[in-house]
Amino acid sequence: MTTFRHDEAARAVARLAYRTLEPYHLAAYFGPHVDAAREELGVGWLGAYTGMRAAPLGAVPGQVVAATFFGFRPEAVAKAWGLALGRHTPSGLDEVRTRCLDDGLRSALGADVGSPAVAELVGRLRPVLDRLDHGGRPLAAAYAAQEWPASPHLALWHATALWREWRGDGHVAALTSAGLRPLESLVLYDAWLRATSPERASRGRAFLQPTRRWTDEEWAGAEESLGTSGLLTPAREGGAPTLTEAGRRLRDHLEDATDDASAAAWADVDDAEQLLTTARAVVKKVIDAGWLPGTPGRA
């Protein structure tokens with residue numbers, strides 16, 4: 001396996017940053033405000049998701065969007081992106097996402113939406129994110145090319161989106177470096193979740209296959225391919241394939257490699273853990289709103 005550039009402590013900070021900031025970023029994709037935006041856009045669930053997430057890329061071909069999303073069925077993403085662009089411009093999709101976020105975050109943050117603490121948090125995060133190198137990270141580069149919003153609660157979302165897509169682009173690089181195709185990466189992740197976090201197994205195939213639009217036949221084909229590669233054992237009757245030792249080592253390595261690739265963002269931030277602790281108090285309000293999968297009030 002590859003030798004990592006950063007030690008475990010640095011990788012741990014990168015993991016902490018992902019777990020801390022990701023719920024705030026997800027306010028763009030879950031909640032009643034998102035349902036309203038989807039209705040406004042009129043292009044279905046995947047069309048709205050693809051349109052709002054990929055809008056910063058501009059009017060690129062659907063194949064480009066599918067490549068950056070990686071885990072989604074390429075034909076489904078291309079179709080959804082075509083539907084979104086058929087009715088809206090990229091700037092129009094950006095505007096809908098911004099209004100959607102404004103409504104949702106105002107609801108979640110309540111009186112704290114204009115709190116000096118939110119502006120202070122943005123002021124501490126922005127220098128960290130503005131210095132990131134975007135080579136090989138296309139989605140992150142697209143978001144970085146956008147102006148920072150003036151309103152602190154929206155600027156904080158922009159910060160979390162920059163971080164999430166920058167880390168995500170690095171994760172895609174780790175997956176492709178390991179020779180995994182998009183669906184294979186999902187199937188391996190599903191088996192890994194069942195092995196390591198059975199309480200989160202509902203976030204595996206049951207969630208990923210329908211939202212990423214893969215068919216049962218395609219999923220079975222990826223299972224067979226991973227079995228041939230020695231990463232999965234065949235399914236027992238009525239069950240699902242399980243990780244082999246090689247599969248477990250590879251999947252654990254992919255997590256470490258992703259953390260290593262994103263650790264550079266925090267390597268020279270002396271108070272990174274304190275900064276993320278401060279962020280947690282604001283992010284918790286989005287979690288407490290009950291919109292996100294796995295939170296109270298949502299299945």
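Buried means under 20% relative accessible area, exposed over 50%, and partly exposed in between (1.4 Å probe, protein chains only).

I'm working on a predicted model, where local features need pLDDT of at least 70, side-chain atom pairs count only at pLDDT 80 or more, and totals for chains, interfaces and linings use all residues. Numbering runs from 1 along each chain as its sequence is written, and side-chain values use heavy atoms, with hydrogens and water left out.

Entry 1, the count. I looked up salt bridges (a side-chain nitrogen of Lys or Arg within 4 Å of a carboxyl oxygen of Asp or Glu). My search of the whole structure turned up 21 of them.

I found its side chain in a salt bridge with aspartate 271, at 2.6 Å, N to O. This one ties together distant parts of the chain: arginine 124 sits in helix α7 (residues 116-130), aspartate 271 in the loop between α13 (245-263) and α14 (272-288), 147 residues apart. Helices here are DSSP runs (H or I, at least four residues), numbered from the N terminus. Arginine 124 is partly exposed at 26%, and aspartate 271 is partly exposed at 32%.

Lysine 284 counts as partly exposed at 45%, while aspartate 288 is exposed at 52%.

Through salt bridges with shared partners, Glu8, Arg11, Arg15, Arg167 and Asp259 join into one network. Within it I checked glutamate 8 with arginine 15: 2.3 Å, N to O. Glutamate 8 is partly exposed, at 40%.

Methods: Helices (H or I, at least four residues) and strands (E, at least two) are DSSP runs, numbered from the N terminus.
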